[in-house]
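I opened the model today and kept notes as I went. The entries follow in the order I looked things up.

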Amino acid sequence: MSYETITVEQRDAVTLITLNRPKALNALNSKVLEELTDAFAAYQADSSQLCAVLTGSGDKAFAAGADIKEMSEKAAADFYLEDFFSPWTSEIVKKTRKPWIAAVNGFALGGGCELAMMADFIIASENAKFGQPEIKLGVAPGMGGSQRLTKAIGKSKAMEMCLTGRMMGAEEAERSNLVARVVPHDELLDDAMNTAAQIASMPPMAAIANKEMVNAAFETSLDQGLIIERRIFQILTASEDKKEGMAAFVEKREGKWKGR
């Protein structure tokens, strides 16, 4: 499918999705979010694609926030009645069961930071900068920024960032557990794609299961999470890939996965 604001490319078993509004620093408007939702649905539905990477075009920004012009012209009643942001965030996060990575190449501010935090994990360029500066516009995060940021880096630092609107550099983001790791700017995409290819080489059902287990740690109590972990483990023991994986280990060879 052809898109106006993003590009989508399949490289073997990895889908690369690129925000493609470089003149607007890849700002998120309704069109971008609609096309992202469609692209992630297509990725989820394609059995040949086993991991995805989301990044931004150009060297300056992953996504420098929401499109302020679009939002400034919208009435409060419309935001409320449309449940603005909810359709996109729920579609991308809840319906994408397969793993995906955010490769943050520059500014990830406001909605851009929130979009990056929807990923299973973030790999950041040394030039990356994260922030929730909505307070400077008289509003607040609306796509999960106050929630995911707090879960990632803790109340004090998240509160400070939301109340001051300051940006966090890549090194601080790594120290604060917002990102998995920081890499040289010129190596970001290769690193993210190589990591995605490594994930794509794993048993597909086990990859989904591991993602569900880790997410459960943030959404349930410890006791409930442990039950979920055990049940998913028990389901996996009945899979064809479990049988193949253990046979391959004993026979000292690579596994041949069926995703079943």
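I started with Cys-162, which sits in helix α7, residues 155-164. I take helices as DSSP runs of H or I with at least four residues, and strands as runs of E with at least two, numbered from the N terminus. This is a predicted model, so I read local features only at pLDDT of at least 70 and side-chain atom pairs at pLDDT 80 or more, while totals for chains, interfaces and linings use all residues. Residues are numbered from 1 along each chain as its sequence is written, and side-chain values use heavy atoms, with hydrogens and water left out.

Is Cys-162 buried or exposed? Cys-162 counts as buried, because its relative accessibility is 17%. My cut-offs are under 20% relative accessible area for buried, over 50% for exposed, and partly exposed in between, with a 1.4 Å probe and protein chains only. I then listed what Cys-162 touches, leaving out residues up to four places away in sequence: Gln-132, Ile-135, Pro-141 and Leu-149. Contact here means heavy atoms within 4.5 Å. I also checked Gly-131, which is 31 residues from Cys-162 in sequence, with a C-alpha to C-alpha distance of 7.9 Å.

Next entry: Asn-29. I found Asn-29 in the loop between β2 (14-19) and α1 (30-45). Asn-29 is buried, since its relative accessibility is 14%. Which backbone nitrogen does the side chain of Asn-29 reach at 2.8 Å? That one belongs to Val-32. A polar atom of the Asn-29 side chain also lies 3.2 Å from the backbone nitrogen of Lys-31. I count a polar contact as a pair of N or O atoms within 3.5 Å; within protein, one must be able to donate a hydrogen and the other to accept it, and residues adjacent in sequence count only if both atoms are side-chain atoms. Beyond four places in sequence, Asn-29 touches Arg-21, Asp-67 and Glu-70.

I moved on to Asp-59. It lies in the loop between β3 (51-56) and β4 (61-63). Asp-59 counts as exposed because its relative accessibility is 58%. Setting aside neighbours within four places, I see Asp-59 in contact with Asn-105 and His-185. The side chains of Asp-59 and His-185 are joined by a polar contact of 3.3 Å. Asp-59 and Asn-105 are 46 residues apart along the chain, and their C-alpha atoms are separated by 6.5 Å.

Then I looked at backbone angles. Most residues other than glycine have a negative phi. Leu-25 has a positive phi, near 55 degrees. I place Leu-25 in the loop between β2 and α1, and Leu-25 is partly exposed at 30% relative accessible area. Asn-177 also has a positive phi, about 70 degrees, and is not a glycine. Asn-177 lies in the loop between α8 (170-175) and β10 (181-183). With 58% relative accessibility, Asn-177 counts as exposed.

Last, the whole chain. I count twelve helices and ten strands. The radius of gyration is 19 Å, close to the 18 Å that the globule rule gives for 260 residues, so the chain is as compact as a globular protein of that length. I take that radius over C-alpha atoms, and the rule is 2.2 Å times the number of residues to the power 0.38. The C-alpha atoms fill a box of roughly 60 × 45 × 40 Å along the principal axes. Of the 260 residues, 43% count as buried.
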